[in-house]
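What follows is a guided reading of a structure for someone meeting it for the first time. Please keep the sequence and the model in view while reading.

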Amino acid sequence: MEKIIQFPWHVPFGEFTLKLDPLSLIFLTAIIILTLCAGIYGVGYMRSYQGARSLKAHAFFFLLLAVAIGLVVTANNVILFLCAWELMSIATYFLIVFHDEKPSVRRAGFLYLIATHCGTFCLFLMFFLMARTAGSMDFTVMAHTTFSPALAGIIFFLAIIGSGVKAGFLPMHIWLPHAHPAAPSHVSAFLSGVTIKIGIYGICRVLWIMGIFPNWCGYVLLTIGIVSGVMGVLYALGQHEIKRLLAYHSIENIGIIALGLGVGLLGRSYHQPFIAALGFAGALLHVINHAIFKGLLFLGAGAVIQKMHTGEIDKLGGVAKIMPLTSTLFLVGALSICGLPLFNGFISEFMIYFGLFQGVLALPLQGVVFFVLGILSLALIGALALACFTKVYGIVFLGNPRSSIETKGTEEVSAWMMAPMFLLAGLCIWIGLMPAVMARLTFMGGNFLAHMEPSAFYLGKILNPLSIINGTAFVLLALIIMLVFVRRWLLGKEPMPTSETWSCGFTQLSSKLQYTSSSFARPIVQYFRNTLLFRRYGGEVSGEFPQKAQMSSHVHDASEDYLFRPVFTRLRNLSKRIDEKSIRYTQIYLIYIFVFLIFLLVWKMRG
Amino acid sequence: MVLLFSPFFLGVITRVKAFFGGRVGPSVFQPYFDLAKLFQKKCVYSHTTTWIFRAAPIVVFASVLAVSLMIPFGAFKAPVRFSGDIFLVAYLFGLARFFMIVAALDTGSSFEGMGASREAFFSCLSELTIFMNFVTLVLVAHQISLSGMIGAEIPLSWKLMGPTLLLVVSSFFIVILAENCRIPVDDPSTHLELTMIHEVMILDHSGVDLAYMLYGAAAKLFLFGGILVPILLPIHTGHGLMDTLIFVVGMLGIAIFIGLVESGMARLRLNRVTNLLLIAFALAFFGFIVRLWRG
């Protein structure tokens, strides 16, 4: 099931060839769903800026981004792919810097621009290496070429760095937690849901083209997945701002996807087609699932921020009483992202787990060890994500407001913003309860990446457990309904008495006494303080009659503060020194360029 | 089966503790009376709470009951068994935990927040241990379903992989204590709120809701016991009644043993609980290594 469309295009080496194969189909599904939802939501969300700034440019770049991404996943030619990739990166930049009056936003946008171009540079190198060996810029031709193991290793590394920057693998993720919160919420949803997945698409495409990788590549991918997943969720736990927290969760989910891809790649390297298909299919299903629930969560967070005028978790509270519908929809997203049964996150995690356990039974020793590490980290990620989302949901939506918020009863956002959230929540539950359609689709993609013929036997081996899960989910629902009726029967119709929360005899309750997000996450963050660089500032109380004291705690991002910042500071100092010493005039720059051109000419003539 | 026997299990533990405390103690059927009493009472709700608080007991109880479908009891085969049901078991408990924590935060009380925060933390470590044990059992039995893992192959495995299974059993026992909030992790009988985890989270529930929560907790303990007993007593007579009898005896043994542990130990300081859980994980990990080493 492949479809090729060609248009005339007069660019050297370029061909305007679009190809629709299972891989692009899966990514297109996610793109279409989220473009639709984020677009509709954006109409409502941007209303408040009407007149204040030009919304036309914003709408233009949003649509440009959607088209560019669509082109990226269907392009069948290197030049077209790279053009679309650049178009996508630049459109994204303009969407991020919508609030360009704020210095932090401009900084985030610039950081993004640098990061994405570093990544694109690696992709250029990678594709030209591939094209040189294959003798063609066409993906299909490349796929029929055999590459030497050494070259495959280099290409793998370039792919991991080039696409990893976009996807947000640790430690190349540093732009992500700055850029995603800076953008308007529907753009954040689109960025987290779709744009970073294009990094994953890049890796998938390379995995498909190359066919054979050395065994260690699979281990590297698996390890990257484990590290990104665990560290992403740990960093998320330490965040105080809701959109920043969600951005770190994207890193976690990208980690889960990379883990799945690693499982698939190892399965392929060890000639275990079922494991390969499961790993790839699980990863691809998680791509779609993450687009849906992360989109939902960002849209929900946007609604809260618009109404409450703050995204600081510790200042919110009790939002469920003001925005009951939004809070319920956010709950659906939270349950999905924790991978709990009845919701879609569970299905994809189930497939990856299943692949991992199959691998434990079938692979040689070192494979078993790595797969067990994968299982353990997936379990840890699941438990930590649960801690993180109970924190977000419990602190933001439940309890009492932590700062005075002026509201008049319930106050929901407009229908423009509500409808997309309903659609996404519906999709979460649909995939969670009836996974067969999506499982079939992604299993097809898994087969495609595993380079194996579609096999009904393997498909049945995964669809069978899924259908039983399906049945169990309905049993669970039936049990819930039964218990509701039992409760109603026991309690009767009259309303129950209400009173204050029991506080063990203490009567001077105020909303400030409630647990905050920092205190909720503290045991975990404290436990990992050396990995997370968790620091507390202040908080000592002294003297017989203690005066006012202040305490703040913060989780530092190690790769930002200790890896990239020193390197870039050095680089800047170096370039400054060169600048001061020699280059004062434009003419000298021109001479440098001239000398370089002559060097290139000589080099070319020699070759 | 679960509904019928789980409070009894709890009653036995209390009775054993009372015996070692030099008291007569309540009847082993006391938990039934407690539940019956709660089922007749009305609920009181805080102004702060939303529908989450009312829904949580239902979801908690329902998901524990759904798990019970996947665990065999003596001669009763598990009604639901398939390759990969262990993930469903683990994540259904996760669903229960999610709602428990969220309901605790719903009250806006700092006590319940404290309990919720601890529960979230400790469950991370016990989840890790559970999955480590699952991996070892999968490697021993070459099956990815719970019924298969603790099923017919176990007697043979004891002969071949005795040390591995011993390590699995001991680490799983610590997990039982931690997940079900028994001493030395948590004290189910005190009402000193600052030291508790599970009890403090359900502080504000009352009436039918509290009954659901407590019933769910009792059933969860029973289910964990139900996973452990077939590994410990791998005797299959082929006779339905005998098998069930053996299972019941095993469950009683575990209940008595938990009672003994609770009588013999003090509750650990909270910051030492992590060490206990890490010990459990280390035991599980050694079990895995021994399994690999034995080939």
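Helix H14 of chain A and helix H5 of chain B cross in a right-handed manner, where a crossing is called left-handed if the near helix is turned anticlockwise from the far one by less than a right angle, and right-handed if clockwise. The model is a predicted one, in which local features need pLDDT of at least 70 and side-chain atom pairs count only at pLDDT 80 or more, while totals for chains, interfaces and linings use all residues. Residues are numbered from 1 along each chain as its sequence is written, and chains are lettered from A and ligands numbered from 1 in the order in which they are written.

The axes of H14(A), residues 344-362, and H5(B) come within 10 Å and cross at roughly 45 degrees; axes here are lines fitted to C-alpha atoms, for helices over the stretch in contact, and angles run from 0 to 180 degrees between N-to-C directions. The two helices are therefore oblique to each other, since angles under 35 degrees count as roughly parallel, over 145 as roughly antiparallel, 65 to 115 as roughly perpendicular and the rest as oblique. On the side of H14(A) the contact is made by A:Phe357, A:Val360 and A:Leu361, and on the side of H5(B) by B:Val135, B:Val138 and B:Leu139, residues being in contact if their C-beta atoms, placed from the backbone, lie within 7 Å. Of these residues six are nonpolar, with no polar and no charged ones; Ala, Val, Leu, Ile, Met, Phe, Trp, Tyr, Cys and Pro count as nonpolar, Asp, Glu, Lys and Arg as charged, and the others, Gly among them, as polar.

Helices (H or I, at least four residues) and strands (E, at least two) are DSSP runs numbered from the N terminus, and two strands pair if DSSP finds at least two bridges between them.

Within chain A, helix H2 (residues 55-74) and helix H3 (residues 78-96) pack at an angle of about 155 degrees, with their axes 8 Å apart, which makes H2(A) roughly antiparallel to H3(A). Their crossing is left-handed. Helix H11 (residues 273-308) and helix H17 (residues 436-449) of chain A instead pack at about 130 degrees, with their axes 7 Å apart, and are therefore oblique to each other. H11(A) passes H17(A) in a right-handed crossing, and the residues of their contact divide into eleven nonpolar, four polar and no charged.

Two loops of chain A deserve a look. The peptide bond from A:Leu170 to A:Pro171 is cis, with omega near -5 degrees, and A:Pro171 sits in the loop between helix H6 (149-167) and helix H7 (176-182) of chain A. A:Leu342 has a positive phi of about 85 degrees although it is not a glycine, and A:Leu342 lies in the loop between helix H13 (324-337) and H14 of chain A.

Conventions
Contact = placed C-beta atoms within 7 Å.
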